[in-house]
Amino acid sequence: MNISLVGRHVELTDAIKQHLNASIETLKKFHLDIISVTAVASANERKGKTGVSIEFTINLAGKNSVVIKQNEMDLYAAIDIAIDRAQKALRRMHDRETDHHKVGINEAKAHSQANGGIDLSQESENLEDEIVPVELDLYKPREVGDVLEELKDSGKMFEIFLDHEDKTRVLYKRNDGRFGLY
C-alpha cells in the first residue's frame, strides 16, 4: 500500500505524519486490496473562521475509489473522524463481499423458522465437511453384455469401462441405432 501525505497551507509535522500513518494502517484490517491512500490536509478560512480539512482518497484494486472529506477546527479531530468514516465504508465493502456468498447457519435459521424449529447446534454439525470414500465403477472389470444392457436402459450415449483384460473400452450408440465398441 502506497501512502501519500500532502499539506496545503498546513505544515505536516512529524507528529501529524505519524498520526496519519498510524490511522491509515488501521484500514488494513478489512483485508481489501488497498493500492494507495492519499491524505491531503489543507487550511480553510470561511466567514473569518480558520479551520482545516482532511481528504482521504483510498484506491482499491478492482473497485471504485473511496473519497472521504472532513472539515474541523482541529486537524487531529478531522483525521480521527475521517478515518472512522473510511473504516465504516471499508467495513461495508468487506461485509458485502464476504456475506454475499456465505451460506450456512443463517440459511438453517431461515429453514428452521419455516419448519417449526430445528436444533441449530445439530445443523452446524451437519454443515461440516464430510468425506465419504467412493469406489468408482470405472475401475471394476465389467462384461460387455452387462454394459450394453445398462446403456440400453439409460439415456446415455456412451459408457466407458474396463473389461476383464484391463483394457479401457467405450461402448456407444451409433446414429443408425446399433452399438459400437472401441
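Me: Where does M157 lie in this predicted model?
Reply: M157 sits in the loop between α5 (144–153) and β5 (158–162).

Me: What makes the nonpolar surface patch there?
Reply: M157, F158 and I160 make it, with an area of about 300 Å². To count, each residue needs over 30% relative accessible area and no salt bridge, and nonpolar side chains are joined within 5 Å.

Me: Why are β5 and β6 called paired?
Reply: Two strands pair if there are at least two bridges between them. β5 and β6 (residues 168–173) have 5 bridges, in the antiparallel sense, so they pass. In this pairing L162 stands opposite T168 in β6. The hairpin of β5 and β6 has 5 residues between the strands, and D166 takes a positive phi near 60 degrees.

Me: What makes β5 an edge strand?
Reply: The open sheet runs β5-β6-β7, with antiparallel pairing. β5 pairs on one side only, and so does β7 (179–181), which makes these two the edge strands. From one strand to the next, the twist averages 20 degrees. α5 packs on this sheet and touches β5, β6 and β7, with its direction at about 35 degrees to that of β6.

Me: Why is F56 called buried?
Reply: Buried means under 20% relative accessible area. F56 has 1% relative accessibility, so it counts as buried. F56 is found in strand β3 (residues 49–60).

Me: Which residues is F56 in contact with, leaving aside neighbours within four places in sequence?
Reply: Among them are L20, I24, V37, A39, V66, I68 and I83. A39 is 17 residues away along the chain, yet the C-alpha atoms of F56 and A39 are separated by 4.6 Å.

Note on methods
Residues numbered from 1 in each chain as written. Predicted model: local features only at pLDDT ≥ 70, side-chain atom pairs only at ≥ 80, totals over all residues. Heavy atoms only, no water. Patch = residues over 30% accessible without salt bridge, like charges linked within 9 Å, V, L, I, M, F, W, Y side chains within 5 Å. Areas by Shrake-Rupley, 256 points an atom, 1.4 Å probe, with all protein chains shown as cover. Salt bridge = Lys/Arg side-chain N within 4 Å of Asp/Glu carboxyl O. Helix = DSSP H or I, 4+ residues; strand = E, 2+ residues; numbered from the N terminus. Buried < 20%, exposed > 50% of the residue type's maximum accessible area, 1.4 Å probe, protein only. Contact = heavy atoms within 4.5 Å. Axes fitted to C-alpha atoms, helices over the stretch in contact; angles between N-to-C directions.
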